Structures are given as structure tokens and as C-alpha cells.
Amino acid sequence: MAQGAVLERSQAQHEGDKRQQILEGARIVFLSAGFDGASMGEIARAAGVSKGTLYVYFESKEALFEALTTQEKASLAEALFTLDADDPDVPGVLTRLGVSFLTEMCRPEHVSLVRMVIGASEKFPRFGQVYYQAGPACGVDRLSRYLDAQVQAGRLSIADTELAARHFLHLCQAGLLTRLLFAAGGIAGEAEMRHQIDEAVRVFLAGYGPAR
């Protein structure tokens, strides 16, 4: 029995590693060729697996793209929005979150992914829905729960914490991501990003600071 359990765990680990290997190959191909330009054959080659093995794990290019975007956004939300509800330094927490959030949003790979999802969503609306739920909606939910705790502790005064979370994240972006999406300018420097986040925190606390 124990040996069988070990074998099952080993098999599950192997399948998980193989799946991740395929996703890494797909990431390379999608980012270089776009969704329409990518083929399952190219993805198999980039992942170092046979085309038959690729179809064992993912039945179509659409399923593979959906899995990749879900993983990318879920892991990003997990990394960025792990917030300590007991930390009384609200400006500090928001500043650290804002800097990390804006830095990730402006990465060239992220900008390329957003463009690709938007372009493919007209034909495959589910891509946009999955991306939104795994990324933006998840981040807003996590931040709103942190804000709920700060309201209960009397550190903030917010009637709608979900809306407030959206306000803060949009204040952080404030046109920088849009500029990159439209190739209307380069990546902001550290000083510009920090100024934007400092202003986002200032404006947010001016509107949602504790009631006097």
C-alpha cells in the first residue's frame, strides 16, 4: 500500500512537471508569434515533447492558451496581493503593493500578454473572461478584504471596499499601462513610477482616510 502511494505521488509529480514544461514552451511561442501565429507543432518543439504528448495534456491550442493565461494571472495575483491585515501601516502596505503592482503591469511580457488576450477575445470571449477572473478580479477581491480589515480597525473609512480597491489600482496605473499598450511611450523610470505611486496613495488616503 505504501509503495503504491509513493508510485502514485511520483506519477502525479511527473505529470505536473510535464504539464509545466508544456506551458513554458507555449509561453515562449505565444509571446513571440501571438495567438493566431502560434501552432501546436511549434509549441511541442519549444516544449521538447512530441505533438502526441502535447495533445494528451491539452486538447487544443485554445485550451492551452486558456491554461497559460490563467496560470500567469493567478500566480501574479498570489504574489502581489498577499497582504497582512494586521499591519497598521496602511500607507506603507499600499505603497509596497503599488510599486510591485505597477512594476509587474509594465513588464514587456505582461503588456504583450494583455494585447494578445484582447486581440483573441473578440473571437474567443472566454479568454478575456478567464483572464479577468484570474487576474484583475482576484486582485481586487484580495485588496478589498485587506481594506475591510482596515475599516474594522478604524484606520480607513470606506463604504464600498471593492470599489475602493478598484480606485486604488487604477490610480496606480493612471495611464502608464495604457501608454504601453498603445506603444505611445516607453517604460516609466523608477522615479516616475515612485512619484505616481506616492500620489496614488496620497489621493486614496485623502478620500478614504479615517473619518474625523
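**Reading the pockets, helices and cysteines**

Guide: The lining of the largest pocket holds 15 nonpolar, seven polar and two charged residues. In this count Ala, Val, Leu, Ile, Met, Phe, Trp, Tyr, Cys and Pro are nonpolar, Asp, Glu, Lys and Arg are charged, and the others, Gly among them, are polar. This is a predicted model, in which local features need pLDDT of at least 70 and side-chain atom pairs count only at pLDDT 80 or more, while totals for chains, interfaces and linings use all residues. Residues are numbered from 1 along each chain as its sequence is written, and side-chain values use heavy atoms, with hydrogens and water left out.

Visitor: What is a pocket, and which residues lie nearest the centre of the largest pocket?

Guide: On a 1 Å grid over the protein atoms alone, where a 1.4 Å probe fits, a pocket is an open set of points with protein on both sides within 12 Å along at least five of seven lines; lining residues have an atom within 4 Å of a point. Here the largest pocket is lined by 24 residues, and F101, M105, Y131, P136 and Q173 are nearest its centre. Elements that each give two or more residues to this lining include helix 5 (90-105), helix 8 (136-152) and helix 9 (161-173).

Visitor: What is the volume of the largest pocket?

Guide: A volume is the space filled by probe spheres set on the grid points, which are joined across faces, edges and corners. For the largest pocket that comes to about 490 Å³. The second largest pocket has about 160 Å³.

Visitor: How is the lining of the second largest pocket divided by class?

Guide: Six of its residues are nonpolar, two polar and six charged. The lining has 14 residues, with R27, E72, R107, H110 and L113 nearest the centre. Helix 4 gives the largest share, five residues.

Visitor: How many helices and strands are in the protein chain?

Guide: Helices (H or I, at least four residues) and strands (E, at least two) are DSSP runs, numbered from the N terminus. The protein chain has eleven helices and zero strands. Its C-alpha trace spans about 65 × 55 × 30 Å along the principal axes.

Visitor: How far apart are the end C-alpha atoms of helix 5?

Guide: The expected span of a helix is 1.5 Å times one less than its number of residues. Helix 5 has 16 residues and should span 22 Å; its end C-alpha atoms are 22 Å apart, which agrees.

Visitor: Which residues of helix 5 are buried?

Guide: Buried means under 20% relative accessible area, exposed over 50%, and partly exposed in between (1.4 Å probe, protein chains only). In helix 5 the buried residues are V90, G92, V93, L94, T95, L97, G98, F101, L102 and M105. Among the elements that cover them are helix 4, helix 6 and helix 11 (190-208). Across the protein chain, buried residues are 39% of the 212 residues.

Visitor: How many disulfides does a search of the whole structure find?

Guide: A disulfide is a pair of cysteine sulfur atoms within 2.5 Å. The search finds zero, and the sulfur of C106 is 11 Å from the closest cysteine sulfur, in C172, which is too far for a bond. C106 is buried, at a relative accessible area of 3%, and C172 is buried at 0%.

Key: Contact = heavy atoms within 4.5 Å.
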